[in-house]
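Dear colleague,

I am passing on the structure that follows, together with some notes on how its parts are arranged. Please have it open while you read.

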Amino acid sequence: MRKEEKQEIVQSLTEQIKEYGNFYITDTSNLSVAKVNAIRRKFFDNGISIQVAKNTLIRKAMEGAGLDSAEFIDVLKGSSTIIFTSVANAPAKLIKELRRTGEKPLIKGAYIDSAVFIGDNQLDALATLKSKEELVGEIIGLLQSPAKNVISGLKSGGAKIAGLVKTLQERG
């Protein structure tokens, strides 16, 4: 591979790291071409970008995007596939689904909203992460709940006061 080609790949990876903000580094080595193509298709169908890249190019792209690649040094060995996603838990859920029929892809590491996850043992934690939209929805729900309780209390209290006033007026 020529130097210009490597620079183009690093530039492309850097842009994707910045654009998506979340990525997984996985191991798909020793899989047949058919199996890798099936995995690629599954990710593509779910709006997830997947690309095989050399470890040194991934490391340079991380540094180019302003990320500290030190925590990934041990995982950037052997064959690596990088997965980009805007929904943090989507690749982990898909990997869990793929694992029903095979033992790969294995998660080497993941970078999710500035948090680093290292090792395949993080798969369950990654799959249960909530998306930003889910978290925002929960926060809005929590904030609305007390306000609804206050309004409900005022309405029911207002009805009780109106009933009391009516009773007092009838008595005279």
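**Sheet and helices**

In this predicted model, helix H1 (residues 3–20) lies across strands E1, E2 and E3 (residues 81–85 for E3), and runs at about 35° to E3; here helices (H or I, at least four residues) and strands (E, at least two) are DSSP runs, numbered from the N terminus, while axes are lines fitted to C-alpha atoms, for helices over the stretch in contact, and angles run from 0 to 180 degrees between N-to-C directions. Helix H4 also packs on the sheet, where it touches E1, E3 and E4, and its direction makes about 125° with that of E3; contact means heavy atoms within 4.5 Å.

Residues are numbered from 1 along each chain as its sequence is written, and side-chain values use heavy atoms, with hydrogens and water left out. Because the model is predicted, local features need pLDDT of at least 70 and side-chain atom pairs count only at pLDDT 80 or more, whereas totals for chains, interfaces and linings use all residues.

The sheet itself is open and has 5 strands in the order E2-E3-E1-E4-E5, with antiparallel pairing (two strands pair if DSSP finds at least two bridges between them). Its edge strands are E2 (49–52) and E5, each of which pairs on one side only, and the twist averages 15° from one strand to the next. E2 and E3 are joined in the antiparallel sense over 4 bridges, and Ile 50 has Ile 83 in E3 as its bridge partner.

Strand E4 (residues 106–112) has 6 of its 7 residues buried, so it is largely enclosed by the rest of the structure (buried means under 20% relative accessible area, exposed over 50%, partly exposed in between, with a 1.4 Å probe and protein chains only). E4 pairs with E1 (residues 22–27) in the antiparallel sense over 6 bridges, and Asn 22 stands opposite Ile 112 in E4. Ile 112 also stands opposite Ala 115 in E5, and E4 and E5 form a hairpin with 2 residues between them, where Asp 113 in the turn has a positive phi of about 45°.

Turning to the helix pair, H2 (residues 33–45) and H4 (residues 90–98) pack at an angle of about 140°, with their axes 11 Å apart. They are therefore oblique to each other (angles under 35 degrees count as roughly parallel, over 145 as roughly antiparallel, 65 to 115 as roughly perpendicular and the rest as oblique). In H2, Ile 39, Lys 42 and Phe 43 meet Pro 91, Leu 94, Ile 95, Glu 97 and Leu 98 in H4.

With best regards
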